[in-house]
Every structure is written in structure tokens, then in C-alpha cells.
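Subject: Structure handover

Hello,

Here is the structure we discussed handing over. My notes on what was found in it follow below.

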Amino acid sequence: MDRVGSTRRTFMAGAAAVGGATALTTAGMAATASAADGGAQGPQSVAVLGGGVAGLTAAHELAERGLKVTVYERRALGGKARSMDVPDSAKGGRRPLPAEHGFRFIPGIYHNLPDTMRRIPFPGNAGGVWDNLVAPPEMSFARTGREDLRIPLPWPGHKPADLTLDEIRRALTAALDTLKGIPAHEAAYFVNRGLVFLTSCDERRDGTWERTPWWEFIRAERMSYDYQRILAVGLTRNIVATKAEEASTRTVATLLEAFVFNALGRGADGPLDRILNAPTNEAWIDPWVEHLKKLGVEFRIGWTVREVKYGSGRVTAAVIEDPQGLRQSVTADHYVSAMPVEHARRTWGAELRAADPQLARCDKLETDWMTGIQFYLTERAPLLNGHLNCIDSPWSLTAIQQAGHWPSRDFPADYGDGTVVDCLSVDISEWDKPGVLYGKTAKQCTRTEVAREVWAQLKASLNDTGRTVLKDSALNSWFLDPGVDGIGTPNPTNEDQLLIHPVGTFHNRPRAATQIPNFFLAGDYVAVDIDLATMEGANASARAAVNALLDRTGSTAARCTVTPLFRAPEVELMKRHDRTRYRLGLRNAFDLG
């Protein structure tokens with residue numbers, strides 16, 4: 001699953017000579033700066049390196065506390081979370097067709113990101129951008145050759161989908177078929193494994209379960225096909241965006257535990273499944289950037305960080321290539337590295353790594369491909385009102401038809417050439433297994449072959465039980481994330497990869513505070529409570545980085561709130577009991593092996 005601010009800072013004379021900008025300082029921000037933040041000398045400056053969710057969050061929190069912030073972003077604000085325009089698709093005064101790296105999913109287990117969204121003004125919304133979140137009423141496990149399992153997602157104010165008699169028949173058939181497909185003893189075993197993890201102490205989770213793959217923890221290799229596809233693969237590769245065979249039990253089960261509590265209404269910010277009510281930039285990123293500009297944040301777009309320079313125990317500069325290809329040494333009082341780990345670690349030289357060993361451990365973190373493709377339809381497909389998970393598809397596809405969730409948008413009137421009525425946004429989670437059309441992996445296919453293959457796999461999941469859901473005649477066009485390049489050649493590349501979580505990953509994730517006094521880390525790879533590559537993790541890590549910076553400077557400014565995942569108080573006693581058993585070398589009391 002899953003995807004700039006600016007600091008008004010005064011560059012040193014040498015940097016100014018090669019084009020550095022001097023930032024304006026408002027009287028209001030100077031007045032809010034505490035002595036620890038600069039006092040009479042003015043607020044301290046921060047260079048935020050990267051303009052995705054982590055970078056924008058860091059800029060937001062820093063600017064609210066009176067610091068001068070400049071964000072340097074190599075491509076586009078919002079990072080993997082942004083939406084983008086399909087080139088040359090707008091006609092008749094309409095906007096271009098909306099595209100994206102992958103569809104947004106903002107579940108109720110998130111708390112830090114929603115808090116930020118509430119603080120971003122949006123016209124007509126008392127709750128800011130947060131009011132642009134809507135909750136789909138259902139989801140589906142789409143099966144190939146079998147009826148799809150539709151799952152209602154109840155929440156306060158939930159309006160169940162209107163179903164025809166045929167849809168009710170199909171839903172009951174799918175439910176009974178699924179119950180038949182997973183034997184009772186396998187379902188009972190899976191529930192038992194859930195209880196084992198639920199009552200496991202933190203030490204057992206961080207130790208034993210971090211070293212145990214999810215596939216092994218739930219004994220998937222001994223179970224039925226439906227058990228493997230739904231409970232092993234379906235809940236990991238598609239929902240948690242990682243591989244069941246490799247992902248640590250700690251990572252997968254922690255998130256599934258949070259989702260269960262969310263569904264029960266415990267410790268949740270909102271409904272289990274939430275999406276935005278318009279393209280991401282319209283509903284969130286653009287208003288966020290405008291708000292940050294009003295707070296004094298400056299943006300440098302098209303500026304690529306090449307190296308973080310280190311000397312005399314501190315970061316001394318960031319070497320950044322400007323849009324014209326010229327390299328500059330940009331200086332600030334503090335630096336927040338907010339780039340994805342695969343880009344950030346390229347900028348850390350030997351001296352910087354030697355100053356803090358946790359930076360070198362980041363080389364052990366792994367990334368994989370999870371990338372979106374959008375199909376533009378001239379007829380709205382009769383799909384469910386929510387996400388569908390094609391759990392039998394070789395490329396582990398998930399999708400959502402978007403126009404029905406954008407009530408303030410008239411899709412054909414607002415976008416494209418007037419003939420497109422909807423966008424089917426699809427995430428490709430598996431790029432290394434052969435497909436059904438060409439027998440090639442997604443990386444081995446050309447862009448056109450990828451589109452044809454994904455369309456064929458969608459039809460295999462949806463057009464397979466006596467009705468045609470997707471029509472070839474309704475397909476107008478498609479758009480594959482431009483971050484993917486060179487597919488179909490021996491050297492495919494992907495600029496926007498996803499952090500994955502093989503066993504042991506938790507122990508290689510760095511803290512936001514480094515041992516370098518003016519250097520901090522933010523991003524979904526940084527160790528925070530939500531152990532997954534998510535926008536929530538990026539947001540929480542940025543808050544932790546800002547708090548570390550405020551601590552280092554002795555600032556009197558209020559610290560950022562960092563809300564952890566919900567912990568059910570009624571199981572804490574059992575966790576304490578398990579801690580004793582763990583230290584004695586005993587299994588969890590519920591663990592039957």
C-alpha cells in the first residue's frame with residue numbers, strides 16, 4: 001500500500017552568493033519565538049529535506065512553533081500521497097483526469113494524521129480537511145470463479161447499500177461458500193493465534209514474534225487454500241501491504257489487532273475505512289500547502305538533496321541540486337531528513353554514518369514495489385460501494401471505483417473530455433509473479449502489457465459468475481504511475497517504493513532523534529508505534545523529530561502530541577502475566593503450538 005514545506009531561513013553569505021534566498025520574517029512569528037528558539041536573534045532555521053507527508057508534517061509543526069522552515073522537494077509536494085494530472089487529458093475547460101500513485105486509505109486506527117488534517121483549514125469545513133473524509137459502507141473479497149464476499153462496514157450513521165434480490169442471493173452464497181472453504185478447525189486455530197498475540201507481552205512481541213514470519217505463526221503451509229488466500233495473503237499483501245511469507249508476525253498482527261479494536265469501536269478516531277471525497281490534492285495536499293505558506297513556510301520544488309555534509313560533530317550543510325542542475329550548499333541551524341529511506345540513505349556519507357550507527361543499520365531496511373494504475377471508464381461499473389480485494393489475482397490487486405465517493409464532483413463535467421464518468425483506481429501489490437495473459441511478471445511487462453494484464457485479472461475476479469461487471473467497451477484509457485520506468489527491460493526502476501517488513505526489520509528502524517545534535521529523521525521507516533509503511537507512521541515520526549529538536553534546543557514551545565495505537569486495558573493484566581512466562585522461557589498461556 002501505498003506514497004515541502006519551506007523555511008524562511010537566512011542563508012550564509014557563501015550560499016547566498018550562489019543563489020540562496022533570504023527568507024522574510026513576520027513580526028507575529030518573531031513574537032512567538034521563545035528565547036530557546038532564537039530569542040532576540042530571531043527564530044532558528046530548519047531545512048526539511050523532502051516534501052512528502054513526513055516533510056509537510058514536520059514543516060507544519062515547526063512553523064506553528066515559530067521556527068523558520070524551508071522544505072526541499074525533488075519532484076512534487078505530497079510525495080506518494082499526492083494525486084496528479086493525466087497529461088493532455090483536459091478538454092472544454094475541464095480539469096485533467098485525476099491520477100495517483102495509489103488510492104488513499106485512512107482507517108480509524110490513525111490518530112496523528114487526522115489531528116493534522118483537522119488543523120488544515122478548508123472552505124466550509126468546521127473540521128478542516130478532516131471533514132473531507134468519507135466512510136465507504138462495504139468492502140469485498142473478490143474471488144475468481146466464485147461469488148465475491150461482500151462485507152458491510154457498519155459505523156454510526158452508516159447507510160447500508162441498497163441490494164437487489166440477486167445481490168442478496170450472491171452475498172449469502174459467498175458467505176456460505178467461504179464458511180465451507182475454511183474448515184472449522186482452521187478457523188478456530190486462527191482465532192487462537194489471535195488470542196496468543198493479543199495477550200503477548202511487549203518483550204515477546206519484539207523478540208519472538210518479530211523473528212517469526214506471519215505465514216509460519218498461523219501455520220498457513222498446513223492449511224486449506226481459502227485459509228491461505230484469505231487469512232494469510234488477503235490480510236497481509238493486500239490490506240497490510242506486505243508479504244505473508246516474509247513479514248514479521250509483530251508487524252502484521254499489531255495492525256490486525258488495531259483493526260479489530262477499530263471495528264469494535266475501541267480507541268478509534270473514526271470508521272474502519274475512510275477515503276477522501278475528492279482527488280487527494282484537491283481535498284488535502286493543496287489546502288495543506290497553502291496553509292503552510294501562510295504560516296511562513298517556504299518551498300523549493302525541483303531541488304534534489306545529494307549529500308548531508310558533516311563536520312565538527314554537526315551537520316554543516318545539505319548539498320542540493322537546483323532545478324537547473326547546479327549544486328548548492330544550503331545551511332540551516334537544524335536539518336530534518338524527511339525523504340523515503342531508499343533516497344535518504346544515499347545522502348548519508350561515511351562520516352555522518354560513523355557519528356550515529358543507526359544510520360548504517362538503515363541499509364538493512366528493504367523496499368518493494370506497490371504501485372497504482374487507473375482505468376477511466378465511460379460507463380460506471382456495477383461494483384460495490386467501497387474497496388475490493390482481488391485475493392485470487394496473481395498480482396494481488398486491490399481497487400476502488402472513485403466517482404461515487406466524490407459527491408461534490410460531477411466527474412464528466414469536471415474532468416477529462418466529458419466522456420469519462422469514473423476512475424477505477426487499482427493498486428498492484430505483487431510485481432514478481434507471472435500474470436495470466438503473458439506469463440510474465442509485472443516488471444517484465446511493458447506499460448501497455450501491465451495495463452492489459454491488470455484489466456484481465458480484474459475481469460477474472462469480477463466477470464466470473466454470470467454477469468459482466470467490467471466491459472471492454474467502457475474502457476476509455478489508463479494511467480500507470482510515472483515513477484515506474486524501464487519495465488519490460490532488464491533494468492526496471494521504481495522511484496516510489498514501499499518499505500516492507502521482513503522478520504527483524506523492527507530492530508533496524510532508526511529513532512527520530514539521531515546522535516548528531518542538529519540532525520533528525522522523519523519518514524515511515526522511522527521507529528514509531530505503528531510499525532508499517534503508512535502515512536500515519538510518516539506523520540508520527542515527523543512529530544517525534546520535531547519534539548527531539550525542541551528538546552535539543554531547550555525550547556519552551558509545547559511539544560507535539562504523538563498518539564500511540566490503542567491498548568485495551570482489559571488485557572494488560574494478561575500481558576503482565578505473559579511477561580513473567582516469557583522471562584521464564586515459557587510459551588504464552590494460550591499458545592497450543
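pLDDT is the predictor's confidence in each residue, from 0 to 100. The mean pLDDT of the protein chain is 90, and 92% of its residues reach 70 or more. Over residues 1-36 the pLDDT is below 50; even so, beyond near neighbours in sequence, that stretch has 115 contacts in the model (contact means heavy atoms within 4.5 Å).

This is a predicted model, in which local features need pLDDT of at least 70 and side-chain atom pairs count only at pLDDT 80 or more, while totals for chains, interfaces and linings use all residues. Residues are numbered from 1 along each chain as its sequence is written, and side-chain values use heavy atoms, with hydrogens and water left out.

Sheets

Helices (H or I, at least four residues) and strands (E, at least two) are DSSP runs numbered from the N terminus, and two strands pair if DSSP finds at least two bridges between them.

Another open sheet consists of 3 strands in the order β10-β11-β12, with antiparallel pairing. Here β10 (304-311) and β12 (327-330) are the edge strands, and neighbouring strands are turned by 25° against each other on average, direction ignored. β10 is joined to β11 (residues 314-321) by 7 bridges, and Tyr310 stands opposite Val315 in β11.

Cores

A nonpolar core is a set of buried Ala, Val, Leu, Ile, Met, Phe, Trp, Tyr and Cys residues joined through side-chain atoms within 4.5 Å, where buried means under 20% relative accessible area (1.4 Å probe, protein chains only). The largest has 85 residues, and Leu49, Trp284, Trp348, Phe519 and Tyr525 have the most contacts inside it. Helix α17 (residues 535-553) supplies the largest share of this core, 9 residues. A second, separate core of 30 residues includes Leu377, Leu384, Leu424 and Cys445.

Regards

Notes:
Axes are lines fitted to C-alpha atoms, for helices over the stretch in contact, and angles run from 0 to 180 degrees between N-to-C directions. Buried means under 20% relative accessible area, exposed over 50%, partly exposed in between (1.4 Å probe, protein chains only).
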